[in-house]
Every structure is written in structure tokens, then in C-alpha cells.
Amino acid sequence: PDAAVVIRDSVLRLRNNVTLRSLQAGDAGVAAEIIDRLRLIAPDHIELLREAGLGHARLGNLARAGEMLSAFVDAAEDGPAKTEAVALLQRLRARLN
């Protein structure tokens with residue numbers, strides 16, 4: 001692999017560890033901010049859309065959560081993560097209406 005890809009993947013793993021620690025410490029705000037920054041580094045990692053949506057939902061940012069989850073659902077292949085995101089998106093939309 002290209003050196004830039006290796007470095008990017010290392011940064012993603014390190015930031016992911018910080019994100020997990022932030023969530024475990026109950027600081028969803030820091031976790032959401034980190035995930036948003038990770039999306040700038042790796043916009044092709046669609047899983048980050050799902051994580052951003054979940055993080056914003058935890059923070060009560062329902063409109064932003066809906067945007068992120070909708071983008072994830074549009075880009076994701078069928079599977080459990082997509083099914084879960086569709087269900088959460090439906091609940092968020094119901095709460096926003």
C-alpha cells in the first residue's frame with residue numbers, strides 16, 4: 001500500500017481509540033467531534049457516517065444525526081449495520097415531526 005494510505009489508516013486507528021475512550025468516559029461530545037474530524041481525513045470510510053449519526057443522536061442533535069444516518073444508508077451495502085441505521089433513522093424522523 002501507498003505510504004499515505006498506511007499513515008492515514010494509522011491515524012484512523014489512533015483516533016478511533018480516543019473516540020472509544022471518550023465514549024467510555026461519557027463524553028459523547030468529544031467523540032462526535034473526533035468522528036467529524038475523521039470524516040475529513042477519510043471521507044471514503046462510510047462507517048464513519050454511521051458513527052457520526054449515532055454520536056449526534058446521543059447528544060440530542062437529531063437533525064444532524066438524521067443527515068449522517070441517511071447518508072450512511074444511501075451508501076452502505078445491505079447488512080445488520082444498515083438495517084440498524086434504517087430503524088434508528090425512522091425513530092429520529094418520527095421524533096423530529
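**Cores and surface of a predicted model**

Leaving aside neighbours within four places in sequence, Phe-72 is in contact (heavy atoms within 4.5 Å) with Ile-46, Glu-47, Leu-49, Arg-50, Ala-81, Lys-82 and Ala-85. The model is predicted, so local features need pLDDT of at least 70 and side-chain atom pairs count only at pLDDT 80 or more, while totals for chains, interfaces and linings use all residues. Residues are numbered from 1 along each chain as its sequence is written, and side-chain values use heavy atoms, with hydrogens and water left out.

Phe-72 also belongs to the largest nonpolar core, which has 15 residues. A nonpolar core is a set of buried Ala, Val, Leu, Ile, Met, Phe, Trp, Tyr and Cys residues joined through side-chain atoms within 4.5 Å; buried means under 20% relative accessible area, exposed over 50%, and partly exposed in between (1.4 Å probe, protein chains only). Leu-69, Phe-72, Ala-85, Leu-88 and Leu-92 touch the most other members. Helices α3, α4 (62–75) and α5 (80–96) each supply at least two residues of this core, and α4 gives the most, with six. Helices here are DSSP runs (H or I, at least four residues), numbered from the N terminus. Apart from this core lies another, of five residues, among them Ile-34, Leu-38, Ala-42 and Leu-48.

Helix α3 covers residues 47–59 and contains His-56. With a relative accessible area of 8%, His-56 is buried. Not counting residues up to four places away in sequence, His-56 touches Ala-32, Asp-36, Asn-61, Arg-64, Ala-65 and Met-68.

Ile-41 is in helix α2 (residues 28–41). Because its relative accessible area is 36%, Ile-41 counts as partly exposed.
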